[in-house]
Amino acid sequence: MVILMYCNPTNRFVKWACVEVESIENLPHEMYSLTIPGGSYAVFEHKGSGSPQDIFQYIYREWIPKSKYQLDDRPHFEVLGAKYKFNDPTSEEEIWIPIKTK
């Protein structure tokens with residue numbers, strides 16, 4: 001699994017490329033651990049080879065304002081699993097947005 005974190009585009013942010021592991025013991029010296037805090041997430045599926053920009057516009061400009069949720073201050077991320085295929089029309093990925101009740 002690869003996780004890419006997203007934040008408000010006007011804010012400074014950090015991108016991580018991650019792989020899920022069962023234990024962080026004995027990590028190579030060149031690697032760091034990232035633990036994503038628990039909580040509620042809205043999960044959106046992006047399918048196809050195009051840019052996910054449209055789905056981000058929908059999430060932040062339409063879905064969140066009209067929902068009973070607001071953004072939570074936790075990492076935003078994407079899961080690029082086995083169905084992810086770069087630039088392929090059959091590609092699938094998940095976009096995870098941290099939320100909490102308004």
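Two strands pair if DSSP finds at least two bridges between them. With that in hand, here are some notes on the model.

1. A word on the source: this is a predicted model, in which local features need pLDDT of at least 70, side-chain atom pairs count only at pLDDT 80 or more, and totals for chains, interfaces and linings use all residues. Numbering starts from 1 along each chain as its sequence is written, and side-chain values use heavy atoms, leaving out hydrogens and water.

2. Strand 4 (residues 76-79) and strand 5 (residues 92-101) run antiparallel and are joined by three bridges. V79 has E94 as its bridge partner in strand 5. From strand 4, H76 and E78 point one way and F77 and V79 the other, and all are buried (buried: under 20% relative accessible area; exposed: over 50%; partly exposed in between; 1.4 Å probe, protein chains only).

3. For the overall layout, the protein chain has one helix and five strands, in the order β-β-α-β-β-β from the N terminus. Helices (H or I, at least four residues) and strands (E, at least two) are DSSP runs, numbered from the N terminus.

4. Is H46 buried or exposed? H46, in strand 2 (residues 41-47), counts as buried because its relative accessibility is 10%. Leaving aside residues up to four places away in sequence, H46 touches S51, P52, I55, S91, E92, E93 and I95 (contact: heavy atoms within 4.5 Å).

5. V19 sits in the loop between strand 1 (3-6) and strand 2. V19 is exposed because its relative accessible area is 63%.
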